[in-house]
Amino acid sequence: MAAQKQIFDVRSLLRRPEFGAFVSALFVFIFFAIFGGAEFLGPGGLSSSLNIAAELGLIALPVALVMIAGDLDLSVGSTMMASAVVMALLSGTYGLPTIVGVLGALAVGVVAGFLNGIITTKTNLPSFVVTLAISFATSGLAFGVIRLLTGTLQADVTPEPWLKDTLGTLFFNNWEGAIGLFILVAAIVSWILYKTKYGNWIYAIGGDVISAKATGIPVDRVRIALFIGSGIGSALLGIVQTAMYNSAQVGAGSSFVFNSIIAVVIGGVLLTGGYGSPVGVVLGCLTFAIVGQGIYYTGWESDWALLFIGTLLLAAVLSNNTFRRLALGGGRKKKEAK
Amino acid sequence: MAKQTEKPIFSLQNVTKDFAGYKALNDVSLEVYPGQVLCLLGDNGAGKSTLIKVLSGFHRPTSGTVQWEGEDVDFRSPKDANDRGVATVHQFGGTFPLMSIGRSFFVGLEPTKGWGPFKRFDKKYANETAVREMQALGITRVTDGERLIGSLSGGERQASAIARAVHFGAKVLILDEPTAALGVKEATHVLRIIMQAKHKGIAVILVTHNVSHALTVGDHFAVLIRGEKADDFKKGERTREQITDLMAGGEAMAELEAELSTLTGVINKIH
């Protein structure tokens, strides 16, 4: 029934939250296919876009859930950096097995997410401020600890083969293992949002938190869980990058804070919460990555990519509003006796 | 006809609600009977909202007792009230405009199928049930549970919220200004749905400004003025004029009329 509708009812397609993201992904792909030429469409070009999209997606997908529930998480960059530092310290500096470092990194994500969640829900402060504060605190702590223990801002690690050969390597010389993880995370996030009652709770909390509470949804616990989710996503990226580069990337985190929000918004999630889809966010990550990588294949200065992203973001926010109006319009405009 | 039981299902005894020294409710007693519509009338700031917030578990009374089926209860949260069978519908009905009809119908009480980690939201059942329950209330235009709540008209949204309450076996239905934002035709439809709920034996508490709407469906009326219950009467015991006067604070209305007549007098002189 649903499949039939998607084929025959163009209007219902238009009303889907990921439609705008699909259009922008298609647009930038065609644009760079034309101007970037064969090289952009070759395995080197495609894989570089997909690798960037996959890395961004590990953070953007769980962040999308946070944003659909009406919160923001600005601490993802610091969490990622801190978990990479912990992993490198444990498995590198102290020579413990790789699994200990990986678990330590994940624990950093869980703790940071839990702190974000518990402080936001208990104080009723905007998550914007709370996660910004946690972000700075986490960065400071990570820098402080690594300098204290190693005397530098550098921590190297040689991951064991089980990690290095899965997440730390390029398959067929091009494709990052993170792509597999990205698909897995996308599947989990989609399952939660579309197929479980928790998905319904997330939409309801983002839609109207007071009414959601009145229906008996454990609002605080859900919000805390979502922050923990984005913490784990950040830690996963920290683990992937540490495995790739054999060291903790201390300066790497900050760009992911805004990039994840950009990907989520281009993906059709409303900044006010209550609306959005994981499929859209996957497309948003692809759009972002195609612009960033595609620019290299055009021969233009890479500075233009920023202009591109900025324009795209603005267009996405504007079209999100239009699509929301379309969605609320119900589609069938029968002439009715008023 | 409605079942007329002698015992109130829900009652307030001498309830006072104090907000930092300001008495939003002062010594209010009220009884709600199954299968009857109680209309709560009063001007803005008269304490209507506070009263329904006490009834629906958002506020706890400062003093006085709340009774459910004759026994004292203490609602600590809206969920407590909900569990007993108190459902509240706000002015704009469905409060999740960007959720589908099926999803919003079951928020917090999602039907699931499957087991263990594969337990999943039963979308088909949710959509079908929501549409069926709305159609049962006369909203026949709604046939697709995937439509967003925000695409419904004001009356349809009210209907979806009332349908949800009825479906989950609400015993007391609190409607906060359900007709205030609606046109005449839509308001009539909502009033008809209120009558349907009443005939199902549900106790309805209708908060409204509109005396005509109140007189159309009400069995019992309570008027609040500045946090106190100014009057309490049954259908037919007061005229429309008496009620309008009461709602506007009685004397105030007479004064205003006198003032207006002097003004129009002046205008007449000019002409």
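In chain A, helix 3 meets helix 14 through A:Ala21, A:Phe22, A:Ser24, A:Ala25, A:Val28, A:Phe29, A:Phe32, A:Phe35, A:Gly36, A:Gly37, A:Glu39 and A:Phe40 on the helix 3 side, and through A:Gly280, A:Leu283, A:Gly284, A:Leu286, A:Thr287, A:Ile290, A:Val291, A:Gly294, A:Tyr297 and A:Thr298 on the helix 14 side. Two residues are in contact if their C-beta atoms, placed from the backbone, lie within 7 Å. Helices (H or I, at least four residues) and strands (E, at least two) are DSSP runs, numbered from the N terminus. The model is predicted: local features need pLDDT of at least 70, side-chain atom pairs count only at pLDDT 80 or more, and totals for chains, interfaces and linings use all residues. Residues are numbered from 1 along each chain as its sequence is written, while chains are lettered from A and ligands numbered from 1 in the order in which they are written.

Two packed helices are described by the angle between their axes and the distance between the axes. For helix 3 (residues 19–41) and helix 14 of chain A, the angle is about 25 degrees and the axes are 9 Å apart. Axes are lines fitted to C-alpha atoms, for helices over the stretch in contact, and angles run from 0 to 180 degrees between N-to-C directions. Helix 3 and helix 14 of chain A are therefore roughly parallel to each other; angles under 35 degrees count as roughly parallel, over 145 as roughly antiparallel, 65 to 115 as roughly perpendicular and the rest as oblique. Their crossing is left-handed, a term for a near helix turned anticlockwise from the far one by less than a right angle, with right-handed used if it is clockwise.

Helix 13 (residues 255–266) of chain A also packs on helix 14 (residues 278–298) of chain A, at an angle of about 120 degrees and with the axes 7 Å apart. That makes helix 13 of chain A oblique to helix 14 of chain A. The crossing of these two helices of chain A is right-handed. Among the residues that meet are A:Ile262 and A:Ala263 in helix 13 and A:Cys285 and A:Phe288 in helix 14.

Elsewhere in chain A, A:Phe172 lies in the loop between strand 1 (170–171) and strand 2 (175–176). A:Phe172 is not a glycine, yet its phi is positive, about 50 degrees. A:Phe172 counts as exposed, with 7 C-beta neighbours inside 10 Å. A residue is buried if 20 or more other C-beta atoms lie within 10 Å of its own, exposed if 12 or fewer, and partly exposed in between, with C-beta atoms placed from the backbone.

Between the chains, 19 residues of chain B are in contact with 22 residues of chain A. Helix 2 (78–84) and strand 8 of chain B each supply at least two residues of the side that touches chain A, and helix 2 of chain B gives the most, with three residues.

In chain B, the buried residues of helix 4 are B:Lys123, B:Ala126, B:Asn127, B:Ala130, B:Val131, B:Glu133 and B:Met134. They lie on the same side of helix 4 of chain B because they cover an arc of only 165 degrees around the axis, the arc being that of the directions from the helix axis to the C-beta atoms. Their cover includes helix 3 (101–105), strand 8 (120–121) and helix 5 (154–167) of chain B.

The loop between strand 9 and helix 6 of chain B holds B:Glu177, which counts as partly exposed with 19 C-beta neighbours inside 10 Å.
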